[in-house]
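Work through the exercises below with the coordinates loaded. Try each task before reading its solution.

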Amino acid sequence: MGGTDQTRGGKTRMPKIAYDTKNDVRALAGERVRPEDERFMRLAIEQARLGDQKPGAGEVGCVIVRDGEVLGAAYNEAELRCDPTAHAEIVALRKLGEKLREVAFNGCTIYCTLQPCTMCTAACIWAKIGRIVYGATRNDVHSMYFDARHFNTADLVADAFREDLEIVAGVLAGECAQFYYKPGEDPPTEEQTNK
């Protein structure tokens with residue numbers, strides 16, 4: 001996946017890739033980190049904190065922003081709702097769709113405390129999100145938080161032919177990672193839902 005030449009309509013294209021060497025995460029090149037990214041990531045961290053404190057909710061936080069305005073915010077509600085799709089990003093996208101009465105969120109940036117999973121990345125693609133900015137990467141946290149096949153957010157976007165979708169990884173990664181088990185830790189078996 002990703003990182004290879006791809007053909008579309010007879011034209012070969014290669015997505016522009018930049019490497020975040022600190023976190024070893026590929027991210028599609030673009031304007032990269034913007035001055036407002038840390039401010040909005042802190043709001044996503046606050047959502048993670050709220051989710052961490054609410055019984056049945058989860059510690060992944062997310063906000064959706066357009067033109068400097070927070071349009072939606074959420075935390076993981078999968079166990080709370082008994083809905084495996086109720087990840088923070090999905091909950092925020094659903095709330096935004098209901099609020100705006102539309103399904104395309106052009107010009108929006110989604111800020112997530114944890115690298116989006118395959119499902120959430122695909123939802124961002126379908127929702128026409130313009131930027132995905134996330135904090136903790138799969139190298140910062142235990143593998144239980146990710147798909148077993150290790151799909152990378154940047155690879156999924158590149159394979160979806162979304163040249164207009166920018167990905168920025170590792171914004172406030174240390175602060176975001178505080179909510180999750182670290183690589184090498186031994187979380188309780190009952191908490192390892194992806195295993």
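**Exercise 1.** Does D67 count as buried or exposed, and at what relative accessibility?

*Solution.* This is a predicted model, where local features need pLDDT of at least 70, side-chain atom pairs count only at pLDDT 80 or more, and totals for chains, interfaces and linings use all residues. Residues are numbered from 1 along each chain as its sequence is written, and side-chain values use heavy atoms, with hydrogens and water left out.

Step 1: recall the classes. Buried means under 20% relative accessible area, exposed over 50%, and partly exposed in between (1.4 Å probe, protein chains only).
Step 2: apply them. D67 has 78% relative accessibility, so it counts as exposed.
Step 3: locate the residue. D67 sits in the loop between β5 (61-66) and β6 (69-75). Helices (H or I, at least four residues) and strands (E, at least two) are DSSP runs, numbered from the N terminus.
Step 4: look across the fold. D67 is 42 residues from T109 in sequence, yet their C-alpha atoms are 9.1 Å apart.

**Exercise 2.** How many disulfides does the structure hold?

*Solution.* A disulfide is a pair of cysteine sulfur atoms within 2.5 Å.
Step 1: read the count, which is 0.
Step 2: check C62. Its closest cysteine sulfur is in C112, 4.4 Å away, so the pair is too far apart for a bond. C62 is buried, at a relative accessible area of 0%.
Step 3: check C120. C120 is in no disulfide either, and the nearest cysteine sulfur, that of C117, lies 3.7 Å away. With 1% relative accessibility, C120 is buried.

**Exercise 3.** Describe how α3 and α4 pack.

*Solution.* Two packed helices are described by the angle between their axes and the distance between the axes.
Step 1: take the values. The axes of α3 and helix α4 (residues 118-126) come within 9 Å and cross at roughly 25 degrees. Axes are lines fitted to C-alpha atoms, for helices over the stretch in contact, and angles run from 0 to 180 degrees between N-to-C directions.
Step 2: classify. The helices α3 and α4 are therefore roughly parallel to each other. Angles under 35 degrees count as roughly parallel, over 145 as roughly antiparallel, 65 to 115 as roughly perpendicular and the rest as oblique.
Step 3: list the contact residues (contact means heavy atoms within 4.5 Å). α3 supplies E89, I90 and L93, and α4 supplies M119, C120, A123 and C124.
Step 4: check burial in α4. C120, T121, A123, C124 and I125 are buried there.

**Exercise 4.** Which residues have the most contacts inside the largest nonpolar core?

*Solution.* Step 1: define the set. A nonpolar core joins buried Ala, Val, Leu, Ile, Met, Phe, Trp, Tyr and Cys residues through side-chain atoms within 4.5 Å.
Step 1: read the core. It has 46 residues, and M41, I110, Y111, I129 and I132 have the most contacts inside it.
Step 2: find the main contributor. Helix α3 (residues 88-100) gives the most, with 6 residues.
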